[in-house]
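Subject: The structure, and some notes on it

Hi,

Here is the structure I promised to pass on.

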Amino acid sequence: MARTSVLTTRVLLVCAAIGVATGILAGIAGWVTPVLLASPLLFLYGLVLGSHVLPGIIAQEVLRLRLVALITHVFAALIASAFNPAWALRFIGTALLFGLIQEGVAALTRYRSWGPWRFFLSAAIIGIFVAVVVFFAAHLSVMPLWAQILYLAISVLGPVAWTAIGLAIGSALRRAGVARR
């Protein structure tokens, strides 16, 4: 007997819709990034980069299925790439990294625990990873100590804040019936 796939057309369409909406936001974040990186407000970059957690958070909160975070992140990256084609590989790389982290945390609970703690755990992992990588890649050690500390705090808390927003959106979509079968 053939096994039914959880990735039905309905699931893929929901992932695509979430991916388009969050991909537009990622495209805008892509436009803001160079301006922010060239400004004295460089330490706010973690807040902008943190917005990239939204596709997976919303998709997992709405659908509560395996692979939806990764698929939705890829859709969002493709949409964001239309805004800034030169950054297509960065968008796709970020999507794969963030989607795999979110899927990995969900897999640790065998896709059975959908409490907010699980989403915030993946956000904290992403925030710490982003904070460390960007700190060294952008040579932020030349900034004043207060800006370095502020950068690290914002880079960790940015994805956490965006996760709270994503959970609120996902919960509202779930209550509206998007997840009904």
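Which helix gives the most to the lining of the largest pocket? It's H5, with six residues. Bear in mind throughout that this is a predicted model.

Let me stay with that pocket for a moment. Its volume comes to about 320 Å³. The lining is made up of 18 residues, and Tyr45, Leu49, Arg90, Thr94 and Val134 are the ones nearest the centre. Besides H5, the helices H1, H2 and H6 each put at least two residues into the lining of the largest pocket.

The structure has one cavity of 30 Å³ or more, and the volume of the largest cavity is about 110 Å³. Two or more residues of its lining come from each of H1, helix H4 (68-83) and H5. Among the lining residues are Thr22, Ser51, His52, His73 and Phe91. Thr94 turns up here too, as part of the lining of the largest cavity, and it is also one of the residues nearest the centre of the largest pocket.

Now the packing. The largest nonpolar core has 25 residues, and those touching the most other members are Phe43, Ile126, Val130, Val134, Leu140, Met143 and Tyr151. Helix H1 (9-37), helix H2 (45-50), helix H5 (88-108), helix H6 (116-137) and helix H7 (145-175) all contribute at least two residues each to this core. H6 gives the most to it, with five residues. Another core lies apart from the largest one: it has 13 residues, including Ile18, Ile58, Leu65 and Val68.

Not counting residues up to four places away in sequence, Gly46 touches Tyr151, Ile154, Ser155, Gly158 and Pro159. Gly46 and Gly170 are 124 residues apart in sequence, and their C-alpha atoms are 22 Å apart in space.

On to the rings. How many aromatic pairs does a search of the whole structure find? Six. One of them joins Trp87 and Phe91, with 6.3 Å from centre to centre and 50° between the planes, a tilted arrangement. Trp87 and Phe91 are both buried. Tyr111 and Trp114 make another pair: the ring centres are 6.3 Å apart and the planes meet at 45°, so this one is tilted as well. Tyr111 has 16% relative accessibility and therefore counts as buried, and Trp114, at 13%, counts as buried too. Ring pairs also bring in Phe119, giving a cluster of Tyr111, Trp114 and Phe119.

Two arginines sit over ring faces. Arg90 lies over the face of Trp87, 4.8 Å from the ring centre, and Arg118 lies over the face of Phe119, at 4.1 Å from the ring centre. Arg90 is also among the residues nearest the centre of the largest pocket, which brings us back to where these notes began.

Cheers

Definitions and conventions:
Residues numbered from 1 in each chain as written. Predicted model: local features only at pLDDT ≥ 70, side-chain atom pairs only at ≥ 80, totals over all residues. Heavy atoms only, no water. Phe/Tyr/Trp six-rings, centres within 6.5 Å; stacked < 30°, edge-to-face > 60°. Buried < 20%, exposed > 50% of the residue type's maximum accessible area, 1.4 Å probe, protein only. Lys NZ or Arg CZ within 6 Å of the ring centre and 35° of its normal. Core = buried A, V, L, I, M, F, W, Y, C linked by side-chain atoms within 4.5 Å. Helix = DSSP H or I, 4+ residues; strand = E, 2+ residues; numbered from the N terminus. 1 Å grid on protein atoms, 1.4 Å probe; cavity = no way out; pocket = protein on both sides within 12 Å on 5 of 7 lines; lining within 4 Å. Points joined across faces, edges and corners; volume = space filled by probe spheres on them. Contact = heavy atoms within 4.5 Å.
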